[in-house]
Amino acid sequence: MTNQSSVAFVRRDIIPPAPPPPGQAGVLKWMRENLFSSVTNTLLTILSIYFIWSILAAIMPWTLNGVWVAGSLTECREIRDARGLESAACWAVINERWLQLLFGFYPTDDRLLSSLFYAEPLAAAGGLEAVFGAGSNATARIEFVNAMKADLSNLTIFFFGYWRPLLAVALLVVAVAPILYASLPRRLLLFSLAYPFIGVFLFWGGSFWGPMTVALGLVAALYLGRVVAGGYGLLGGGLAAVLAFILFFLNPLGVVGHTGLFPLFPHVKGVLDSVMPLGLPAIPSDQFGGFMLAIIIGTAGIVLSLPIGILLALGRQSTMPFIRWVCVTFIEVIRGVPLIVWLFVASTLLKYFLPPGSSFDALLRVIILVTLFASAYIAEVVRGGLAALPKGQYEAADSLGLDYWKSMQLIVLPQALKISIPGIVNTFIGLFKDTTLVVFVGLRDPLGLTNAIRATGEWNGIYWELYIFVALLFFTFCFFMSRYSMYLERKLQTDRR
Amino acid sequence: MAEVTLPPREGFRLSQLLYDARYRSLTIQVVAAMMLMLSLAWLVDNTVQNLAALGKDFSFAFLWSTAGYDINQQIIPFTSQDTHARAALVGILNTLLVAFMGCILATVIGVLAGVLRLSKNFVVSGIMTFYVEAMRNTPLLIWILIVFAVMTEATPQPRDFREGGGASMILWDSVAISNRGVFVPKPLWGEGSGVVIAVFLLSLAAIFVLRRFARKRQEQTGQQLPVFRLSLALFFVPALLAFFVMGRPITLELPELGGFNFVGGIQVRNSLIALWLALSLYTSAFIAEIVRSGILAVSRGQTEAAFALGIQPNRTMQLVILPQALRVIIPPLISQFLNLTKNSSLALAVGYMDVRSTLGGITINQTGREIEGILLLGTFYLIVSLVISSLMNLYNSSVKLKER
């Protein structure tokens with residue numbers, strides 16, 4: 001270089017990069033910037049840490065020192081005092097009763113349990129038919145089952161005694177997965193369509209041909225409608241489908257006695273039953289309970305309310321004043337009154353509105369009212385999605401010459417529903433949480449069961465452990481769903497920008 | 001331009017009702033109306049038949065008969081000799097009381113949690129995230145039962161407040177939290193307390209006038225008044241002066257231990273406290289999220305633009321950020337208030353006598369008037385929600401972005 005000789009020193013090589021001074025990098029820097037950036041912030045940090053510490057100090061010993069094996073609350077307290085502890089949770093109640101909290105008084109499959117895990121006493125008692133058969137002694141059977149359940153572990157009973165609800169929930173996950181995750185093969189959606197019938201069969205049991213013929217009848221009505229629609233237009237097709245449905249399921253205007261040919265459904269089911277009797281033991285819904293009940297009501301509510309909600313939202317946007325007026329009234333009336341009042345309507349008033357002498361299942365009544373309730377909320381969510389679509393989309397559909405249903409089905413709804421999925425998931429979370437309210441109309445939801453457990457002599461006076469368990473169950477499900485909704489929001493955001 | 005010859009006008013044919021878009025919507029509406037009428041008629045007919053079979057009639061006369069039950073929480077006087085209508089009114093007031101208290105507390109906690117959740121401080125925002133998620137993802141009913149269990153199982157009995165009993169009153173011996181309820185001091189309105197209250201109301205009005213005057217003055221001259229300090233002074237000074245000038249007419253009656261329970265003061269039942277706290281905590285989690293998203297919705301450019309104009313930070317918050325954030329925050333906030341009011345019907349779980357428990361509970365059980373009772377109950381909730389949502393619509397149209 002030019003003045004190499006005139007300057008005393010010129011550095012020829014680059015200085016190796018030095019690490020930043022301590023306090024300007026890594027954890028220290030992060031802490032300084034985030035936790036101690038100002039006096040107020042430092043104070044806040046210290047206060048919060050003190051807050052966390054004091055909460056943990058109050059709760060953790062109680063939680064971690066908990067007694068897991070005991071037969072009653074008194075026994076729990078004796079163990080606690082023997083260990084010299086000041087406070088200890090009595091988790092033993094969960095350990096003993098978690099099956100009840102999950103399934104309520106849903107019967108276990110005792111035949112399967114005894115033949116798999118209790119074979120020797122079963123043989124001693126005279127075999128499967130002697131114990132469980134038609135002419136068996138009820139008292140002896142109850143004694144045998146109680147002895148077996150005391151002998152088997154709760155986990156065994158969970159997996160094999162409750163295989164029906166367990167399988168139904170597992171299949172539910174499979175059925176829901178292709179709806180939630182678009183990357184899964186579309187062919188799985190066929191299973192999702194078939195699931196309601198499978199689920200009903202597994203939960204309620206009875207003849208396999210019941211749900212099967214219902215499915216067949218629906219498919220046949222739809223197919224007939226399509227065929228007729230090919231020749232006589234949409235209106236003719238719709239009428240044909242409705243007619244087929246009525247012939248299959250309803251007794252039209254009561255002109256034919258129940259012994260007559262119509263409705264076809266009982267006859268087809270009767271024939272199939274006599275040709276090939278297939279089925280599971282029927283379980284009436286007053287034996288349903290526990291967390292399973294929340295899942296059944298929640299899922300049925302959302303599945304049934306989605307189509308009704310979409311129709312209501314479309315009706316609310318309709319150009320026909322009468323239709324709009326009906327939909328607005330329905331939505332506002334349903335949303336304006338608390339669910340607990342609607343459940344009350346289901347349990348006390350519904351019997352007045354139906355023909356004299358007709359009565360149906362308490363669970364079904366609750367599901368109907370919960371469905372109507374949820375559909376009003378879904379309608380509002382979908383309306384938001386419909387309103388968020390640019391007007392050009394509607395106009396583009398019109399200019400292509402599509403009729404109303406085609407433009408909705410092909411252009412508007414796919415986009416509007418995509419926008420409203422997070423809202424729908426949030427509605428579902430709300431609905432799922434609200435299923436706890438069925439305790440007020442006498443169904444045995446988990447919170448009702450905590451009362452039942454507390455009413456027994458052994459566990460009288462136990463609160464926190466049961467509430468925490470139930471709260472955690474709900475939290476796990478709802479938290480997963482809210483995360484899913486956030487994931488979806490993120491995913492939808494990227495392709496909209 | 002080429003001349004267009006209109007096709008000869010055809011007469012109306014019946015098939016046009018189905019295939020002509022002009023008439024089809026009319027057909028559809030008429031058919032829908034007929035079907036609705038038919039199904040309503042069917043329902044009403046069923047109801048009439050069922051009522052006749054049970055030997056009942058449809059009448060609201062039961063409202064004027066003697067209720068015959070007591071209500072443990074009452075704002076207006078009520079005895080078991082009063083009518084069912086008055087019982088319903090007591091219940092309505094109880095519902096409104098817990099809803100009003102709940103809305104206030106939920107807003108306070110919710111705004112705090114929402115703002116703190118945005119904090120850069122990892123620990124603080126972590127706590128708030130945990131709080132919000134825990135509250136939002138667990139059914140309200142569980143929270144009500146948990147808070148109620150805390151109030152009844154984990155608080156001392158009144159006798160523990162005796163000497164050496166291990167429990168003591170808080171806030172300078174004025175408030176006692178026991179498993180029989182929370183006992184708070186009761187204000188006694190002595191001679192001349194009306195003057196103090198009148199002075200206080202007047203100073204509130206003065207604050208309102210002052211704020212309008214200050215705003216007008218700023219718009220006209222650009223000069224700012226120290227509004228906050230002046231209002232603070234107006235709030236406290238005149239009322240306190242009046243209080244001392246009139247010779248301290250308002251005194252407090254402190255709760256004291258007598259026998260097995262507290263006497264004196266106001267007993268706030270645990271059911272009310274549990275319901276109030278649980279409703280507020282639960283709703284505040286939703287409000288926190290609303291506040292957070294409202295603040296995030298105001299783009300950073302707005303703050304920077306205000307700073308570029310030379311507006312001070314607190315004025316920026318007041319004049320630029322808050323008005324825009326509130327536009328996003330207030331509509332969902334009001335629907336949360338509505339939810340809270342409707343959720344207060346869960347009072348049933350803790351035995352708080354709200355309208356669901358008086359009119360929709362005991363009255364129905366005693367008179368057997370399910371249809372009438374539930375109709376009235378539903379109408380009450382419907383009116384509340386319609387009033388609140390029409391207020392919201394008014395607000396919405398007043399803050400709507402004025403475009404074109």
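Predicted model: local features only at pLDDT ≥ 70, side-chain atom pairs only at ≥ 80, totals over all residues.
Residues are numbered from 1 along each chain as its sequence is written, while chains are lettered from A and ligands numbered from 1 in the order in which they are written.

B:Leu275 also turns up in the largest nonpolar core, which has 149 residues. A nonpolar core is a set of buried Ala, Val, Leu, Ile, Met, Phe, Trp, Tyr and Cys residues joined through C-beta atoms within 7 Å. A residue is buried if 20 or more other C-beta atoms lie within 10 Å of its own, exposed if 12 or fewer, and partly exposed in between. Among the residues with the most contacts inside this core are A:Leu343, A:Val366, B:Ile144 and B:Leu275. Helix 8 (residues 270-297) of chain B gives the core its largest share, 16 residues. Helices (H or I, at least four residues) and strands (E, at least two) are DSSP runs, numbered from the N terminus. There's a second, separate core too, with six residues, including A:Leu113 and A:Phe144.

Now for the place where the chains meet. The contact takes 46 residues from chain B and 42 residues from chain A. Which helix of chain B supplies the largest share of the side that touches chain A? That's helix 2 of chain B, with 13 residues. By class, the chain B side has 26 nonpolar, 14 polar and six charged residues. In this count, Ala, Val, Leu, Ile, Met, Phe, Trp, Tyr, Cys and Pro are nonpolar, Asp, Glu, Lys and Arg are charged, and the others, Gly among them, are polar.

Helix 2 of chain B has 34 residues and reaches 50 Å from its first C-alpha to its last, close to the 50 Å expected at 1.5 Å a residue. That expected span is 1.5 Å times one less than the number of residues. After helix 2 comes B:Gly55, whose phi is positive, near 70°.

Chain B also has an open sheet of three strands in the order 1-2-7, with antiparallel pairing. Two strands pair if DSSP finds at least two bridges between them. Here are the pairs:

| Strands of chain B | Sense | Bridges |
|---|---|---|
| Strand 1 (residues 176-178) and strand 2 (residues 181-184) | antiparallel | three bridges |
| Strand 2 and strand 7 (residues 266-268) | antiparallel | three bridges |

A hairpin joins strand 1 to strand 2 through two residues. B:Ser178 stands opposite B:Gly181, and B:Phe183 stands opposite B:Gln267.

Last stop: A:Phe117, in helix 5 (residues 110-117) of chain A. Why does A:Phe117 count as partly exposed? Because A:Phe117 has 16 C-beta neighbours inside 10 Å. Leaving aside neighbours within four places in sequence, A:Phe117 is in contact with A:Leu152 and A:Thr156.

How values were computed. Contact = placed C-beta atoms within 7 Å.
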